[in-house]
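Here are a few exercises to work through with the model open beside you. Try each one before you read its solution.

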Amino acid sequence: YKDEEMVLWLANKSSLAIFGSGPEIIGKPLLEIAPELKNQGFYEQMLQVYHTGEIIRANEVPAVIMHDGEPVHYYFNYTFQPFRQAGITLGVMVSASDITAAVESKRRVEESEAMLRYTKEQLELSINAGGVGLWHWDVKSDKLTWSKEQLAIYGLKAEEFGGKLADFLAYMHPDDLAKLDSKIAEQNKNKTEDYTDSFRMVRKDGAVRWIEARQKKIYNESG
């Protein structure tokens, strides 16, 4: 872009596509090509570079450019730097990267993560209110993870639970242990996804409680 009017002097196909135009816009002032940019700060920054000689860099900057009367939303990383000849500033060189897809993808991930955190918080509130314990058993490594609510049901502190299936079975009522052990083996063999059962357990303090347990299996790609 040259002179204070920021006349488009040279542009590649990618730059022209941003304006939704072809080479016919070369030789026209920026605000004639896209008057909507005036209120978005880009034109003002280019004038600043033209008059001061400083370089301006910015990342993930939103922009709205009209294509055939319809607004198109972009995000850019860009650099504005002066173009000089014989010590005289003739114009401004613009290097801009359209990162719209990357920014929108990142924002979708952030929104999904925020929703996941919210859902987790709501689940934890429900669990705390309803006395429901959560657990996860990695069958391959025999690592059993209990939530604090699950530990509370059994009257245990985190450091008192060993984190293995055998540590869980150690709290089973003797009259239910064989049945439960058999059902666990059957479930692992048949690869059923959902399972519900009731059994008695003996807390650390000796109290006997009935437990309703529900499980949902998750398989890896190899099954």
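**Exercise 1.** Does Phe-161 count as buried or exposed, and at what relative accessibility?

*Solution.* A word on the ground rules: this is a predicted model, where local features need pLDDT of at least 70, side-chain atom pairs count only at pLDDT 80 or more, and totals for chains, interfaces and linings use all residues. Residues are numbered from 1 along each chain as its sequence is written, and side-chain values use heavy atoms, with hydrogens and water left out. Now the cut-offs: buried means under 20% relative accessible area, exposed over 50%, and partly exposed in between (1.4 Å probe, protein chains only). Phe-161 comes out at 11% relative accessibility, so Phe-161 is buried.

**Exercise 2.** Work out how the rings of Trp-146 and Phe-161 are arranged.

*Solution.* Start with the rule: rings of Phe, Tyr and Trp (its six-membered ring) pair if their centres lie within 6.5 Å, with planes under 30 degrees apart called stacked, over 60 edge-to-face and the rest tilted. That rule gives nine aromatic pairs. For Trp-146 and Phe-161, the ring centres are 3.9 Å apart and the planes sit at 15°, so this pair is stacked.

**Exercise 3.** Which arrangement do Trp-146 and Phe-168 adopt?

*Solution.* Here the centres are 6.2 Å apart and the planes are at 80°, so the pair is edge-to-face. Because Trp-146 lies in strand 5 and Phe-168 in helix 6, the contact ties together parts 22 residues apart in sequence. Phe-168 is buried as well, at 12% relative accessibility. Zoom out, and ring pairs join Trp-146, Tyr-154, Phe-161, Phe-168, Tyr-171 and Phe-199 into a cluster.

**Exercise 4.** Describe strand 5 and how it pairs with strand 4.

*Solution.* First, the faces: in strand 5 (residues 143–146), Leu-144 and Trp-146 make up the covered one, and Lys-143 and Thr-145 the uncovered one. Second, the pairing (at least two DSSP bridges between two strands): strand 4 (residues 135–138) and strand 5 are antiparallel, over four bridges. Asp-138 has Lys-143 as its bridge partner in strand 5. Last, the turn: the two strands form a hairpin with four residues between them, and Asp-142 in that turn has a positive phi of about 55°.
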